[in-house]
There are 2 protein chains.
Amino acid sequence: MAEKIRIGIVGYGNLGRGVEISVSKNPDMELVGIFTRRAPEALSAYFDDTAVFAMNDLDQFRHEVDVLILCGGSKSDLPEQGPELAARFNTVDSFDTHARIPKYFETVDIPARAGKKTALISAGWDPGMFSINRLYGEALLPDGETYTFWGRGLSQGHSDAIRRIPGVAGGVQYTLPSETAIAQVRSGSRPELSTREKHVRECFVVLADGADAEKIRRTIVSMPHYFDEYDTTVNFISAEELAHDHQAMPHGGFVIRSGNTSDENAQVIEYRLALESNPEFTASVLVAYARATHRINQAGQYGAVTVLDVAPGLLSIKTPEQLRAELL
Amino acid sequence: MAEKIRIGIVGYGNLGRGVEISVSKNPDMELVGIFTRRAPEALSAYFDDTAVFAMNDLDQFRHEVDVLILCGGSKSDLPEQGPELAARFNTVDSFDTHARIPKYFETVDIPARAGKKTALISAGWDPGMFSINRLYGEALLPDGETYTFWGRGLSQGHSDAIRRIPGVAGGVQYTLPSETAIAQVRSGSRPELSTREKHVRECFVVLADGADAEKIRRTIVSMPHYFDEYDTTVNFISAEELAHDHQAMPHGGFVIRSGNTSDENAQVIEYRLALESNPEFTASVLVAYARATHRINQAGQYGAVTVLDVAPGLLSIKTPEQLRAELL
């Protein structure tokens, strides 16, 4: 076997932890360690033998790390770290503020090119695998419509909005694709659907002592922007049920392309993710793209790239010959 | 707009006709014409203004055609035409005999390299889009299992087998994924399933005058290799119903990857095609890959390639900047 691809993790929350686990499932990779802004000795990694280093020592590892996986957030971490680290390391990140991707691409591309490094940005599932499937759908069925549905998934912002209501002791909110809307889209009829029509909202709420359930239900379903335009159901549960049944971070959704190849024939392409852990799946995508990023850099292609620029075969541990024989 | 990509079609059956229609839906392409071994004047194309030429005149178009789409069969047409034409043209084909793909790749690769041409082989949906999804599934969830289901689709070989039974005046057979098996796979439980357990067979049969329906039903469901190991249902219909309801060529299926990103969390990725016309969808895939093949050749990459070697972005009419802004 060739030398292993040496991975470094920058930032250690749910995503970094997912990357740590994912690297262990890829036998052609090894984890150099986690780099953190916290005190390294204060960080408790998933595996006992995972090395933890101070972020300030990262430069000492310039020749020990093939790809850095950046596990910070898109709001403040990545806009700063992405361009800075891409000058000195191959990087993979999950920058997911859709509207700012073109700008972020530019800010990473320039230092990466200058440093002869490759920076793969915005990997994950949306942006990421959903983007790839929007592209394939459009290219294969140019006469058609694309529909993205999200869920069943935990929505952090909407859960926070519920918890701020007086009388609410705890709660979570899930976004679900509307079954009616999915059925319409699958039929090939190409309906026009707003985000509101495509999704429903489901809330699980723990009441504070003496709170009025019906009043809280009305407050939730009529909350402007968050709930008022959606079909929203509110379920009241106990604190024990909340702790037991609602601690996971499920997510997923559908990308459906519905199109016609002739006046007579409609075709439907559907891509679906059902994820028990959103951060662990995103982490697995980042790790597979780290393999591709290493190969792209070794082939002499420098600068920023996205998942749309990466041939599927580059993600696989298998050789092109194996892939043709076993998977094609 | 840049110059259009000039497409030639070799062979004109259902697939060639599908390519003819598909090219008309891609504004960056133009159809040079259909090349046929039949007498050109005897061929009736879908569009009145489509040019039809004799196969023997193909070499006169060496500088008029950017990509030839080969629409012959995998049994006898492509093994001969693929290597011969790849020496002189960029080509795209749908060679679909899975076991022979590695050998076919070699026989096309050598002349294509020598002639500085690019030959994309085995495009379509299986091999093709299903292969891509098998690869993505494996790469993203290395700790997992992949399941391919086919159907609901018309099976030509099984339909022929029914029609050969004495007393049968006509009939068709559809293969369907087993709903029970799909539910098991979607649950994330990673069942072991044979092809037989994953599919059921549905027959629509027209009886000849005086034929014994129950005897024919038993002959079908007990036919070795074809039906005896499957759950098979036989429906008797009239010749009018056969003509009216069973002339389409639907197909499709699922590729499902079920895997774990940690001991705690299962993840399911599902890719589904629901096709009203199998040949038209395959044709649309070939046409999108013709765009990519043209670009790959212009970038100086020669020889045989497969869909696994093609970055998604190369399939799109849009620029990389547009793709990042609109689809990522």
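I began with the buried area, meaning the accessible area (1.4 Å probe) that two parts lose on being put together, summed over both. B:Leu140, B:Arg324 and B:Leu328 supply 14% of what chain B buries against chain A, more than any other three residues.

A note on provenance: this is a predicted model, where local features need pLDDT of at least 70 and side-chain atom pairs count only at pLDDT 80 or more, while totals for chains, interfaces and linings use all residues. Residues are numbered from 1 along each chain as its sequence is written, chains are lettered from A in the order in which they are written, and side-chain values use heavy atoms, with hydrogens and water left out.

Next I looked up who takes part. With contact taken as heavy atoms within 4.5 Å, chain B gives 65 residues and chain A gives 65 residues.

Then I turned to charges. I found 6 salt bridges between chain B and chain A, each a side-chain nitrogen of Lys or Arg within 4 Å of a carboxyl oxygen of Asp or Glu. One salt bridge joins B:Asp143 to A:Lys25, with the closest N and O atoms 2.7 Å apart.

Last, the strands (DSSP E runs of at least two residues, numbered from the N terminus). Strand 13 (residues 266-275) of chain A pairs with strand 13 of chain B in the antiparallel sense over 9 bridges; pairing takes at least two DSSP bridges. There, A:Leu275 stands opposite B:Gln267.

Note on methods. Helix = DSSP H or I, 4+ residues; strand = E, 2+ residues; numbered from the N terminus.
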